[in-house]
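Here is a colleague's note on the structure, meant for someone meeting it for the first time. Please keep the sequence and the model open while reading the points.

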Amino acid sequence: MDIKQKELDFLQYKTLVASIHDVVFRTDSNGNWIFLNDSWARIMEFDVEDSISKPFFSFLHPDDVATDAALFKPMMAGTKQFCSHEIRYMTKSGNICWMKVFAMLVKDESGRIIGTQGTLQDINIDIQNREMRKLAEIQLMLSIKKEKELNLLKSNFVSLASHEFRTPLAIMRSSVELSEIYINNNRLQEPYLLKHILTITNQIDQLSELIEKVLTLGRIDSKAFTCKKEKIDLIGLVQEVIYALERIQHDERTVGLSVRGTRRKVMADPLLLAHAITNLLSNALKYSVNNREPNIEIVFTKSDYSIIITDFGIGIPVNAENKIFQAFYRADNVEAIKGTGLGTFIAKKFILLHNGTVSFTSVAKKGTIFTIHMN
Amino acid sequence: MALILLIEDEQVLRDNLKELLEMHGYTCITASLGLEGITLTKNNNPDLVLCDITLPDFDGYRVKIELNKLNYNPPLIFLTARTDKEDYAKAKEVGAVDFITKPFRIKELINRISWILNKKS
């Protein structure tokens, strides 16, 4: 081959290397760049001439230097012929640039290792897509998990609601049928007739309460509630709640009320706050039958106030602590006690509408303390 | 006169059903818990058991399973507010003769009881 032909071939080769989209490189045995094509400047924003003679380590992300050194050293020792990996470089403007590195050993005619050569492929888009895919997969899995949990809660609610609706209906029907028999047999003076009317009235009350809770839930879902704060007598409001609940208790238990701090009026929505306290206090009564009476303490401080509801009942199991404010959730230890799993959920929603908080501490079989805190 | 054991935790419903069953000529004994129901079955050998599924101590299926184990097999009807297909299947699986959903008419219940008792005799 004549010299002219060789020069022509070299020119073609140079043009080919320059036109390759990836960075084509050569390093010496110390890892200093000795050749870089023009893609280096395009991707990394550094001037090719300025970069030559500088070690490739100095262009790496600081956290990846050790990783790359661990791959480069065995090549220089001759134990590895090539390496391929993904690593972060840093562009001139300080951005991370993910590169897929393919490097192989370069030896001289005597077989001595004189450096490496290979390509750096810009894989930022691949990495971004991969990250986005990973993120999307995580989000999808989370939403599937959430959906499954919600479906389970809803199906629990359907079973629960079915039970809660059907039982009072069965009682009412049996009372109606007995009353019909008394009437058909001209036993109008039968004292049991009155008993059945009372039974039906009680069951209607229970059903109304259940329907009210389910409707409240629906209104919360549709964001129909707004908090209309006004100056209220908190102690008077709590006393009214206590009185209303004491009247409908089957046992003779009452609820003690104590007040700490300087009494004053507070800003709150009386309907929502009374509803929340009613739900928590009726739970305190319901889950502590045959135990000490529950009590409420109101604590006024200069800037805020708390309502602390304490019962000495069955407590909340540890495995239920994170779920107690979820709609429809009922702990394992309350299966035999009537309920919808909506009371604490509604209470929390109404307290949140006041920008307040509600929290609890509980010990199984000892009791529970719910604290409403308002700023 | 056939003896019926009614296992139902809801007191008002228990009292009402007992009265209605007695008006229709049956003798009725009652239990409010599953365990109590098993003991009453062992001690009184009823002709038929009416059993709620949701009970405070353990569910109605377990009542039937325990009775099966003890070889006390009076026909058992579940009276329940549960309406899931799974519940119906489970009731069949444990060997209940019928599954009646609350609320029910007493006439319907009496018809089923007399049919089962006639079949038994």
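In what order do the five strands of the open sheet of chain B stand, and is their pairing parallel or antiparallel?

1. The order in chain B is S2-S1-S3-S4-S5, and the pairing in this open sheet of five strands is parallel. Strand S2, residues 27–31, and strand S5, residues 98–101, are the edge strands of the sheet in chain B, each of them pairing on one side only. From neighbour to neighbour the strands of this sheet are turned by 20° on average, with direction ignored. Please bear in mind that the model is predicted, that the average pLDDT of chain B is 93, and that 100% of the residues of this chain score at least 70.

2. A position to look up here is B:Ile77, whose bridge partner in S5(B) is B:Asp98. Helix H5 of chain B, residues 106–120, packs on the sheet and touches S3, S4 and S5 of chain B, while its direction makes about 175° with that of S5(B).

3. Another helix of chain B to trace is H2, residues 34–44, which lies across S1 (3–7), S2 and S3 (48–51) of chain B and runs at about 165° to S1(B).

4. Chain A also has an open sheet of five strands, but here the order is S2-S1-S5-S4-S3 and the pairing is antiparallel. Its edges are strand S2 (33–36) and strand S3 (82–90) of chain A, and because each has a single partner strand, one side of each is left without a neighbour in the sheet. The twist from one strand to the next averages 25°. Within this sheet, strand S1 of chain A, residues 23–28, pairs with S2(A) in the antiparallel sense over three bridges, and the bridge partner of A:Arg26 in S2(A) is A:Phe35.

5. Further along chain A, strand S7 (residues 256–260) and strand S9 (residues 295–300) pair in the parallel sense over five bridges, with A:Gly256 standing opposite A:Asn295 in S9(A). On the other hand, S9(A) and strand S10 of chain A, residues 305–311, run antiparallel and are joined by six bridges. The two form a hairpin with four residues between them, and A:Ile298 has A:Ile307 of S10(A) as its bridge partner.

6. How are helices H5(A) and H6(A) arranged towards each other, roughly parallel or roughly antiparallel? Helix H6 of chain A, residues 191–221, packs against H5(A) at an angle of about 160°, with the axes 9 Å apart; the two helices are therefore roughly antiparallel to each other. The crossing of H5(A) past H6(A) is left-handed. Among the residues that make the contact are A:Phe165, A:Ile171 and A:Met172 of H5(A), together with A:Leu193, A:Ile200 and A:Leu207 of H6(A). Sorted by class, this contact of H5(A) with H6(A) has twelve nonpolar, six polar and one charged residues.

7. Lastly, the contact between the chains takes 16 residues from chain A and 19 residues from chain B. Helix H5 of chain A, residues 124–184, gives the most to the side of chain A that touches chain B, with 14 residues. By class, that side of chain A has six nonpolar, seven polar and three charged residues. For the complex, the predictor gives an ipTM of 0.89 and a pTM of 0.58.

Key: Residues are numbered from 1 along each chain as its sequence is written. Chains are lettered from A and ligands numbered from 1 in the order in which they are written. This is a predicted model: local features need pLDDT of at least 70, side-chain atom pairs count only at pLDDT 80 or more; totals for chains, interfaces and linings use all residues. Two strands pair if DSSP finds at least two bridges between them. Axes are lines fitted to C-alpha atoms, for helices over the stretch in contact, and angles run from 0 to 180 degrees between N-to-C directions. Two residues are in contact if their C-beta atoms, placed from the backbone, lie within 7 Å. pLDDT is the predictor's confidence in each residue, from 0 to 100. Ala, Val, Leu, Ile, Met, Phe, Trp, Tyr, Cys and Pro count as nonpolar, Asp, Glu, Lys and Arg as charged, and the others, Gly among them, as polar. Angles under 35 degrees count as roughly parallel, over 145 as roughly antiparallel, 65 to 115 as roughly perpendicular and the rest as oblique. A crossing is left-handed if the near helix is turned anticlockwise from the far one by less than a right angle, and right-handed if clockwise.
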